[in-house]
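Thanks for coming. I have one model to show today, so please look at the screen before I start.

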Amino acid sequence: MIGNSWDEILKNVWESENFKKFMNMIDHEYLMNTVFPPRNYIFNALKLTPYENVKVVIMGQDPYHGENEAHGLSFSVQKGIKVPPSLQNIYKELYDDLGIPIRNDGDLTGWAKEGVLLLNAVLTVEKDKPASHRGLGWEKLTDYIIKIINEKEEPVVFILWGNFAKEKISLITNPKHYIITSPHPSPFSARYGFFGSKPFSKCNEFLKSQNIAPIDWGRKE
């Protein structure tokens, strides 16, 4: 399904009857409604960041629900789409933290290729209906993915922005890993602790301390 190491790691999931029934339900949603991201982008985060490449996990909630926005990466939008407010704030913090110039596009594919798993907890959404697919069953898969990453021998940085993402802390039990938390970068909460939290430099300092190459947060492709 993915085309890399995730296929073998998640083989028991892909082959389970429950998952097949679930995906039939999701396929029906795509047939009956306008659903984002496009069907072939649902597992884009896994496709772009194979298991062995995962250095960082940035948790999101569910995909953007507007036309042509979502493409399977948390906080990221497709090229040519206006940068959403939360991502604008992420870029501002990135500039303040590491001096990386603020971009005018919101495609974070380069981060994914650097080893940043941009994972939403819910992988699909109905057009113009935020959180409409929450509770359908995606959370079982994405929580399992977090648990699998938690088992990695190599240290991983988990960046959890906002209360929803922080709920995943209970799944991260391996003391080798490093958890960075702050308020969500949305305009409603960014000024209450997201700005000034310096997640990008903290992440890279930890990776370097573990003899792992840091993330090039300025990478675009």
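Predicted model: local features only at pLDDT ≥ 70, side-chain atom pairs only at ≥ 80, totals over all residues.

Residues are numbered from 1 along each chain as its sequence is written, and side-chain values use heavy atoms, with hydrogens and water left out.

Start with helix H3, residues 17-32. Helices (H or I, at least four residues) and strands (E, at least two) are DSSP runs, numbered from the N terminus. The expected span of a helix is 1.5 Å times one less than its number of residues.

Which residues of H3 are buried? They are Phe-19, Phe-22, Met-23, Ile-26, Glu-29 and Tyr-30. They cover an arc of only 105° around the axis, so they sit on the same side of H3; the arc is that of the directions from the helix axis to the C-beta atoms. Buried means under 20% relative accessible area, exposed over 50%, and partly exposed in between, with a 1.4 Å probe and protein chains only. The buried residues pack against helix H2 (11-14), strand E1 (35-36) and helix H7 (138-150). The face turned away from the buried side carries the exposed residues Glu-17, Lys-21, Asn-24, Leu-31 and Met-32.

Next, Ser-197, in the loop between strand E6 (178-182) and helix H9 (199-209). Ser-197 is buried, at 11% relative accessible area. A polar atom of its side chain lies 2.6 Å from the backbone oxygen of Phe-194. Leaving out residues up to four places away in sequence, Ser-197 touches Glu-93, Ser-182 and Lys-202, where contact means heavy atoms within 4.5 Å.

Now the salt bridges: the whole structure has 11. A salt bridge is a side-chain nitrogen of Lys or Arg within 4 Å of a carboxyl oxygen of Asp or Glu. One of them joins Glu-17 and Lys-20, with the closest N and O atoms 3.9 Å apart. Both lie in H3, three residues apart, about one turn of the helix. Another joins Glu-221 to Lys-79 at 2.5 Å. That pair links distant parts of the chain, 142 residues apart. Asp-105 and Arg-103 meet at 2.9 Å, N to O; Asp-105 is buried at 17% relative accessibility, and Arg-103 is buried at 10%. Finally, Glu-67, Lys-127 and Asp-128 are linked in a network of salt bridges.

Methods:
Polar contact = N/O pair within 3.5 Å; in protein donor to acceptor, adjacent residues only side chain to side chain.
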